[in-house]
Amino acid sequence: MEALAKTDFLAKDDLPEKPFVLWRPTAKTGLMSWLTTVDHKRIGFLYGISGLFFFIFGGIEALLIRIQLAVPNNTFLTSAQYSEMFTMHGTTMIFLVVMPIGAAFFNFIMPLQIGARDVAFPRLNAFSFWTFLVGAIIVNLGWFMKGGAPDAGWFGYAPLTTRTFSPTHAIDMWVMGLQLLGVASIAAALNFIVTIINLRAPGMTMMRLPVFTWMTLFTSFLIILSFPAITIALIEIMMDRLFGTNFFEVSNGGLPILWQHLFWIFGHPEVYILILPAMGIISEILPTFARKPLFGYPVVVFSGASIGFLGFGVWSHHMFTTGMGTTATAAFALMTMAIAVPTGVKIFNWIGTLWGGHLSMRTPMMFALGFLWMFMIGGLSGVMHAAAPADAQQHGSYFIVAHFHYVLIGGSLFALFAGIHYWFPLMFGRRVSEFWGKLAFWLVFVGFNVTFFPMHFLGLEGMPRRTFTYDANMGWNTGNFWSTVGAFILAIGVAVYFLTMIYTYFRGARTTRDPWDARTLEWSLPNPPPEYNFRVLPTVHARDDWWYEKRHTQEIAREAAEHARAEDAHGGIHMPFQSIYPFCASVGILIGAIGVAVVDPANPAQYPGFWGPKIAVTILGGAIMFVSVVLWSLEGNEGYHIHLNEDGSIKDDAGHAPAGH
Amino acid sequence: MSSTAAATLNHHHDPTTSTGIANKKLLMWAFLASDCMFFGCLISTHLIYRLHPPPGTPPAREVFSIELTSFSTFILLMSSLMMALAVNAIQKGNLKSLRWSLLTTIFFGCIFLGCQVYEFRNFVFEKHLTITNSILGTTFFTLTGTHGLHVLIGVIWLSGMLLYSFTGRLTEKDSIDVESMGLYWHFVDIVWIVIFTAVYLLEYI
């Protein structure tokens, strides 16, 4: 009877015999181990490595843009190539760089911060990553095709994206790729929401959550509530392109303005999806290096929530020049000003954290302080756009380009760099050189400002966005020249940063546990953290729990010993089985997406009815996905148990778990 | 499964989670929140375009057959009742009752889908409303078609669960699997109530 009352999580201890289809992969090393992994830390690495890989692409695209604009009347790129460059630069940097690197931190850090052994749905987590990768591949396929890469801007305004104006498959791939990136993001976000709400260690109340975890939660809610809007917009444009519907077909009553509304209902929450994780990282780093608790923790949390909430009510400030009418314009202008308030509150809380602290100027702290300053400049130029009459002048000019690069590089990217440097010792057990780290910081900082500060002036002097060249007599020559010089300094800085990371990964000095004397639970783990994360699930006593643990060692040791005994009696540490089916499902999606977006429609003379290679490939992909999902659900969410020695190594005789990790 | 054992299972509290809400249930609720936005955008599209019909658009009233749609709406609502009975059955460990309830739910779902297929064919071939020839056709077929796809996914899921119940692996402990499927099914029903009101009934005011 008691066994019945237990859930699967506790009861199933033995590996089933290896069945014909539903075998469970057990590889711990090699390619198979990565394809079948369900470990949130490994999935975090996969996200991070993919994000950095695409960062190189997006960076090269940016440099090509800057080379083209370095001098007036340049012919380095054609106007068509230039359109591909800025479209793919925007799409890549937003969806394939900042979001996945953010997701890497969500995956790696968040479960450790709440004292969990994995996310709530480990296989769904793997599926999210593989589907993300599929979407990234589809978006970038155009580079290898006759039709070229997508070239309608990262916002893909209709009717430019309709078949009339973009007849090649480039836009089909952009539409399909973004659709899949949305599916991947929503699946991942659902997982994080359930994990944060349901998998907290005992004592980890919501108001004890580390701020980074809070921001993960808010970001996840923004993702699940805003991505459906772009999903619908993409479905509508896809229907227009594939089946000849009239959503954006003006001659049959379609309204292209609808695309803008749907896109920005997604697009504005999206910018908070990009910045909230950054704010979370900063809220971890500043207290650590100021040696003080975060100033006004509840206020920081609630301002994060109000940013997320208000973020759904400001989308039309991207559309002030479309003629919405005075009431709508005034309402959206007011909301946009209102959203600056919680953002400002956060800035003051960070300053309050620094105030009177014993500042320790390590590289992560440098990036964090850089974030604070640069993000504030971006915020100030942002709130200028809230004034609709002023915005009418700035709209579509380089002033806007300057603004959003200040919030996306000076904001998001600085914070992500700070985070990589900060958590590097935890992830790899090696410490990054301070000299090279700081050199990279100064190069990035100077390069970034030299690139983007002149753009404010270029914009106010009337230089429009997305033009591939300009005349010499416009007065834009100096600004553009310095901007290009700055871009190369920035590129060198980024290169120094990552070469330092690569060197450190292989040759860096080994470090001990908790090298920064930090405050949150992830630092209680040995580095790199073992597969099972916590030898004993922690009991949380305070907001900065690791700080508390470090000052109450005897109490914690007593508690840990008790819990270890209890857990051993319950059958040991539960680990989820690995699974290949999330990967298989994503492969099916890849094939189906190629069918929808890449294969040419059938020639009616050749095939009867609607049959043809397009339908065949799509159905094949769909079938692979369906079968994978069925097998995925049939194999079940069982796992195995491991027992640990005192030092954290896995006991060999414990069930079927392979030794070592 | 003895009745005493059944009494020890509390289907409204999962001791392994921080909140006591089962992970799968929380996942489904969050997903449904997302799906609300999904249908919200699609329904909004229809309502916006409804206000701007280009010349030559047939009046929706002349196309719709409100009797048929009312019937299929009623059937879909009844399927929700059967779904609720199915959840109740598995929570009591009553597999036989579960199977009958699931079968009825699937049957009603199929009737709804059949009505939709008939309606679509009728609109296209008799009323000459196609997905390409007018903005009404575009939004109507996309919106109701997307809902129909949701119903179809539900029917496939229900059928999978029905087949699975014969393997002997589906027990009272797994009632959360049926329950979260039920949440999905009820949601698809509720969306249909909104669509029925906003797309069909609105034309008769």
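How many cavities of 30 Å³ or more does the structure hold? In this predicted model, the structure holds 4 cavities of that size, 30 Å³ or more.

**Figure 1. The largest cavity, with a volume of about 240 Å³.** Among the 22 residues that line the largest cavity, those closest to its centre are Met99(A), Pro100(A), Ala103(A), Ser185(A) and Ile223(A). The elements that give two or more residues to this lining belong to chain A, and they are helix H5 (79-113), helix H7 (170-198), helix H8 (211-243) and helix H9 (257-290). The largest share of the lining, 7 residues, is contributed by H5(A). In terms of residue class, the lining of the largest cavity is made up of 18 nonpolar and 4 polar residues, with no charged residue.

**Figure 2. The second largest cavity, with a volume of about 50 Å³.** The second largest cavity is lined by residues of chain B, namely Leu68(B), Thr69(B), Ser72(B), Phe112(B), Cys115(B), Gln116(B), Glu119(B), Trp192(B) and Tyr200(B). Two or more residues of this lining come from each of helix H4 (66-91), helix H5 (95-126) and helix H7 (175-200) of chain B, and the largest share, 4 residues, is given by H5(B). By class, the residues that line the second largest cavity divide into 5 nonpolar, 3 polar and 1 charged.

**Figure 3. Helix H6 of chain B, which spans residues 135-164.** From its first C-alpha to its last, this helix of 30 residues reaches 43 Å, which is close to the 44 Å expected at 1.5 Å a residue. H6(B) is mostly covered, in that 21 of its 30 residues are buried.

Figure 4. When its neighbours within four places in sequence are left aside, Thr504(A) is in contact with Phe424(A), Arg430(A), Arg431(A) and Val432(A).

Figure 5. Phe453(A) is partly exposed, its relative accessible area being 37%. Leaving aside neighbours within four places in sequence, Phe453(A) is in contact with Tyr406(A) and Phe448(A). Although Phe453(A) and Ile377(A) are 76 residues apart in sequence, their C-alpha atoms are 10 Å apart in space.

**Figure 6. Cysteines in a model with a count of 0 disulfides over all chains.** The sulfur of Cys36(B) has its closest cysteine sulfur in Cys41(B), and because the two are 11 Å apart they are too far from each other for a bond; the cut-off for a disulfide is a pair of cysteine sulfur atoms within 2.5 Å. Cys36(B) counts as partly exposed, at 44% relative accessibility. Cys584(A) is likewise partly exposed, with a relative accessible area of 25%.

Definitions and conventions. Residues are numbered from 1 along each chain as its sequence is written. Chains are lettered from A and ligands numbered from 1 in the order in which they are written. This is a predicted model: local features need pLDDT of at least 70, side-chain atom pairs count only at pLDDT 80 or more; totals for chains, interfaces and linings use all residues. Side-chain values use heavy atoms; hydrogens and water are left out. Buried means under 20% relative accessible area, exposed over 50%, partly exposed in between (1.4 Å probe, protein chains only). On a 1 Å grid over the protein atoms alone, a cavity is a set of points where a 1.4 Å probe fits but cannot get out, and a pocket is an open set with protein on both sides within 12 Å along at least five of seven lines; lining residues have an atom within 4 Å of a point. Grid points are joined across faces, edges and corners, and a volume is the space filled by probe spheres set on the points. Ala, Val, Leu, Ile, Met, Phe, Trp, Tyr, Cys and Pro count as nonpolar, Asp, Glu, Lys and Arg as charged, and the others, Gly among them, as polar. Contact means heavy atoms within 4.5 Å. The expected span of a helix is 1.5 Å times one less than its number of residues.
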